[in-house]
Amino acid sequence: MSSPVKKRKTIKKPSLKKNKETPPLVLGPTPESTPNPSLPDDLLLSCFARASRLYYPTLSLVSKSFASLFASPELYKTRSSLGRTESCLYVCLSFHPDPTPRWFTLCRKPDRTMPLKKKPRGYALAKLPTPPSRSAHWSGLVTVGSDIYNIGGPIDEANEPSSSVSILDCRSNTWRDGPSMLVERDYPHANVIDGKIYVAGDSNSTSPDWMEVYYPKTQTWELVSSPAAEMRLLCDTISTSAGIEGKVHIFGSSNGLAYDTREGRWESADMEMDSEWVCYSYCVVENVIYVYNNEEFKWYDSTVRLWKVLKGLKGLPKFPRYTARLADFGGKMAVLWGRGVASSGYVDKIIWCAVIALERRSDQEIWGKVEWKEPVLKVPKSCSIDHALAATV
């Protein structure tokens with residue numbers, strides 16, 4: 001008589017499926033600190049300095065001591081000495097009706113459920129733990145090295161011109177006050193040329209103090225010689241501006257001006273430059289202006305002096321111009337836009353990000369290649385993308 005067959009117990013394997021709702025990534029340590037491995041800090045710093053900054057937001061969640069190391073000046077000194085500095089994308093969002101902006105940085109998305117056979121991928125916008133900055137929607141924002149400058153007004157609900165300057169240190173992700181401008185300004189436009197910040201615009205178009213320059217090394221402001229009064233009146237309301245080939249190009253309601261920073265003189269700007277240059281949806285990469293308008297990307301430089309279509313782009317969807325923000329991302333172009341979520345009844349939307357590599361094949365042709373595009377953050381439909389810009393850390 002045969003013995004009865006014993007039934008084997010089945011052990012359920014953990015599911016590898018992702019949760020539908022992934023909580024947003026927030027920089028900063030977890031409430032309970034986890035002890036570090038018994039490694040000296042200098043060895044940890046040497047290891048961390050060799051890793052991409054994209055992984056820092058996730059690694060800083062391991063413990064409070066890890067978070068402290070990732071914000072330490074010594075880490076970034078080591079990165080610099082090893083030649084490991086890189087461009088890091090920062091994004092400023094507004095959550096209406098709250099006037100206080102929120103800042104995020106692009107990072108690698110943590111994914112503990114990914115099968116081992118698949119290559120790691122995925123990006124996200126991580127919220128900075130630093131206290132929110134003052135209003136940034138209408139101020140001038142630029143980067144110099146590892147610092148983001150938030151310049152001028154109007155400020156908050158007062159809607160008055162301001163000379164204030166706030167600086168975000170992108171190494172420690174902390175804000176500090178900078179030296180105030182010499183003139184209070186409404187809706188200023190800021191541009192960086194040769195490491196100096198040029199700020200133009202004023203609530204009074206007849207003011208002789210129309211532009212000033214900031215020297216980060218000495219932390220001082222200096223007035224720039226103004227154009228003639230009749231020329232300023234043609235740019236009473238600045239719509240677009242950019243720093244290209246040593247010149248600050250400014251366009252207003254009726255005309256365009258250019259300030260040659262090396263010669264110290266004003267001149268009329270090329271009106272062809274203004275023909276397809278639109279507010280917000282533009283950036284400058286290596287002295288070339290790129291814009292997104294009418295569902296296509298175009299470029300302009302001072303050599304060709306004509307707007308040309310950026311060729312070769314494949315895989316990007318069409319999206320409204322007013323939702324798009326462009327940024328110089330270490331010689332590449334970062335593009336961010338919003339898209340409504342149908343499953344939520346369009347109560348929510350997804351912010352998407354794409355990175356485009358740029359290749360100049362001739363004086364007349366620039367080609368773009370989409371390296372990646374992914375959803376990076378889920379937000380309420382009332383949220384808008386105010387600014388996108390990159391710092392070097």
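Strand β14, residues 256-260, pairs with β15 in the antiparallel sense, over four bridges. Within that pairing, Ala 258 stands opposite Glu 267 of β15. I start there, but please keep in mind that this is a predicted model.

These two strands belong to an open sheet of four, and the order is β12-β13-β14-β15, with antiparallel pairing. At the edges are β12, residues 240-244, and β15, residues 265-268, and each of them pairs on one side only. On average, neighbouring strands in this sheet are turned by 20° against each other, ignoring direction.

Next, the other sheet I want to show. Its order is β8-β9-β10-β11, four strands in an open sheet, and here too the pairing is antiparallel. Which strands stand at the edges? They are β8, 189-193, and β11, 220-224; each has a single partner strand, so one side of each is left without a neighbour in the sheet.

Now the helices. Helix α1 covers residues 41-49 and helix α4 covers residues 73-81; they pack at an angle of about 50°, and their axes are 9 Å apart. That angle makes α1 oblique to α4. The crossing of α1 past α4 is right-handed. What makes the contact? On the α1 side it is Leu 45, Phe 48 and Ala 49, and on the α4 side Glu 74, Leu 75, Thr 78 and Arg 79. By type, the residues of this contact divide into four nonpolar, one polar and two charged.

Last, confidence. The protein chain averages a pLDDT of 85, and 84% of the residues score at least 70. Among its elements, strand β20, residues 325-329, has the highest mean pLDDT, at 97, while helix α5, residues 229-233, has the lowest, at 71. Over residues 1-22 the pLDDT is below 50, and this stretch has five contacts in the model beyond near neighbours in sequence. Residues 29-35 also stay under 50, and for them the model has twelve contacts beyond four places in sequence.

That is what I have on this one.

Note on methods: Residues are numbered from 1 along each chain as its sequence is written. This is a predicted model: local features need pLDDT of at least 70, side-chain atom pairs count only at pLDDT 80 or more; totals for chains, interfaces and linings use all residues. Side-chain values use heavy atoms; hydrogens and water are left out. Axes are lines fitted to C-alpha atoms, for helices over the stretch in contact, and angles run from 0 to 180 degrees between N-to-C directions. Angles under 35 degrees count as roughly parallel, over 145 as roughly antiparallel, 65 to 115 as roughly perpendicular and the rest as oblique. A crossing is left-handed if the near helix is turned anticlockwise from the far one by less than a right angle, and right-handed if clockwise. Contact means heavy atoms within 4.5 Å. Ala, Val, Leu, Ile, Met, Phe, Trp, Tyr, Cys and Pro count as nonpolar, Asp, Glu, Lys and Arg as charged, and the others, Gly among them, as polar. pLDDT is the predictor's confidence in each residue, from 0 to 100. Two strands pair if DSSP finds at least two bridges between them.
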